[in-house]
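Keep the structure open while you read.

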Amino acid sequence: MDINENYDLIRKDPYNYILTWADKTLLYTGRHAFRILALMPCSLFLPKVSLTSTDIKTNISNFIIAKSGDGKTELSRKLAKLCYNPILRRSITEADLIATAYELKLLSILIEDLSQIANQTLGYGVIKAIEGIIYEGNIDKSTMRDEYTGEVKGIAFIGITPEDLDTFSKELDAGLLSRCTVTFVKLTLEQRKEIREFQHLRAGDTVFSADVNLMEEVIIDFYEELKMIQRGKHEEYLKKKFGDNHGRTIIEPVIGYNINPDFKRKWLDILNQVGKRMERNKQEINNRDSLEYYKFLVNIAFLNIHKRKHINGILEPNEEDHRIAKDLAFENMRYKWGLPIALRSNRKVRSLDALEKLLNQGVSEVVKDVLLNISPYSPLLKNQIFDVQEKK
């Protein structure tokens with residue numbers, strides 16, 4: 001299949017095309033992570049979703065939690081190729097980040113390992129700078145030589161290992177984690193075996209590599225088109241690619257959304273059901289996390305803009321967009337709720353027996369998932385415990 005055929009193919013089903021490429025690039029981890037990562041590059045350009053009290057920012061940032069060697073570096077590098085003004089760093093200072101943000105105004109921050117950044121800064125200044133860029137949408141920093149004040153807009157990919165979650169839990173829980181969506185990479189022993197086989201069997205396979213590289217080229221071009229649409233330069237893009245007589249529909253920039261009331265009611269029903277269960281434990285839903293649904297909804301719709309109703313700049317998400325947004329938002333809420341509980345519980349565990357006792361006390365599955373990945377005692381558990389988790 002040549003590049004022109006792929007051009008049409010990705011526009012028929014962009015989300016699954018991107019997930020297929022991600023899976024070929026990084027088995028299991030790629031597909032799982034790009035369910036959210038695929039929505040991030042274009043989220044930098046979309047207008048806010050109007051709300052009575054305060055508008056919902058549509059830019060998506062992601063905290064990806066994965067063990068060392070499970071693909072955070074490769075994910076950050078692949079995502080950087082799709083993003084606008086990518087700042088890909090293993091190390092960056094607060095001053096460098098603020099100066100760069102001030103110059104670019106729009107940027108994508110990609111940090112493959114938070115521990116390398118935070119350990120090199122006093123007072124976690126870089127973490128606070130990221131918060132300001134991706135959430136508050138501004139920077140305000142003065143030095144003896146320069147003053148950086150103004151509006152900026154950014155997205156961030158931030159990698160961290162489960163082991164480092166506890167180290168930075170206070171800083172993350174207070175700000176950065178609440179500003180990001182969460183992806184938790186959990187690979188079973190069988191999946192790790194398949195990944196190992198995949199890597200060895202594909203080594204030197206030039207046909208497979210060419211196929212993956214072609215898909216990547218098509219995806220990079222696809223995101224370029226989405227950016228040009230939002231900049232009001234879609235016709236310029238089409239003429240450059242296909243010539244003056246391209247015969248293709250020129251798409252206007254998105255300026256707002258028409259969201260089906262049924263979608264909102266269905267999501268609210270889910271929130272009410274979750275809320276009732278949480279009330280029994282004297283807990284309540286985090287409104288910020290519940291509103292992530294709308295970020296996912298409009299971004300998945302925009303990814304499919306070639307197939308979505310779009311009149312006078314008003315984009316209308318459909319049932320498929322609602323389904324994907326609902327699933328992503330619900331999973332995000334589960335981890336945002338479960339992570340702090342698991343981290344608090346983990347601090348009380350001082351032995352293997354204590355961990356086994358805690359796991360047998362009926363903790364929720366999401367808390368159990370996190371504990372099994374962050375506790376230093378989990379590798380000592382009997383194999384049958386892991387077998388049960390994998391079957392579930």
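How are H17 and H19 oriented to each other? This is a predicted model, in which local features need pLDDT of at least 70, side-chain atom pairs count only at pLDDT 80 or more, and totals for chains, interfaces and linings use all residues. Residues are numbered from 1 along each chain as its sequence is written, and side-chain values use heavy atoms, with hydrogens and water left out.

**H17 with H19**

The axes of H17 and H19 come within 8 Å and cross at roughly 50°. H17 and H19 are therefore oblique to each other. Angles under 35 degrees count as roughly parallel, over 145 as roughly antiparallel, 65 to 115 as roughly perpendicular, and the rest as oblique. Axes are lines fitted to C-alpha atoms, for helices over the stretch in contact, and angles run from 0 to 180 degrees between N-to-C directions. Helices are DSSP runs (H or I, at least four residues), numbered from the N terminus.

The H17 and H19 crossing is right-handed, meaning the near helix is turned clockwise from the far one by less than a right angle. On the H17 side, the contact residues include Arg 334, Trp 337, Leu 339 and Ile 341. On the H19 side, they include Val 366, Val 367, Val 370 and Leu 371. Contact means heavy atoms within 4.5 Å. Eleven residues of this contact are nonpolar, three polar and three charged. Ala, Val, Leu, Ile, Met, Phe, Trp, Tyr, Cys and Pro count as nonpolar, Asp, Glu, Lys and Arg as charged, and the others, Gly among them, as polar.

**Two further pairs**

H14 (residues 261-280) also meets H17 (residues 319-348), with axes that come within 10 Å and cross at roughly 20°. That makes H14 roughly parallel to H17. Their crossing is right-handed. Among the contact residues are Trp 267, Ile 270 and Met 278 of H14, and Phe 330, Met 333 and Trp 337 of H17.

Elsewhere, H5 (residues 72-82) packs on H12 (residues 206-230) at about 50°, with the axes 8 Å apart. That makes H5 oblique to H12. Lys 78, Lys 81 and Leu 82 of H5 touch Glu 216, Ile 219, Ile 220 and Tyr 223 of H12.

The contacts of these two pairs, by residue class:

**Pocket and cavity**

The second largest pocket holds about 660 Å³ of space. On a 1 Å grid over the protein atoms alone, a pocket is an open set of points with protein on both sides within 12 Å along at least five of seven lines, a cavity is a set where a 1.4 Å probe fits but cannot get out, and lining residues have an atom within 4 Å of a point. Grid points are joined across faces, edges and corners, and a volume is the space filled by probe spheres set on the points.

Of the 24 lining residues of this pocket, Met 278, Met 333, Arg 334, Lys 336 and Trp 337 are the closest to its centre. H14, H17 and H19 (365-374) each give two or more residues. H17 supplies the largest share, eight residues.

The whole structure has one cavity of 30 Å³ or more. The largest cavity has a volume of about 40 Å³. Its lining includes Lys 57, Tyr 135, Arg 179 and Lys 295.
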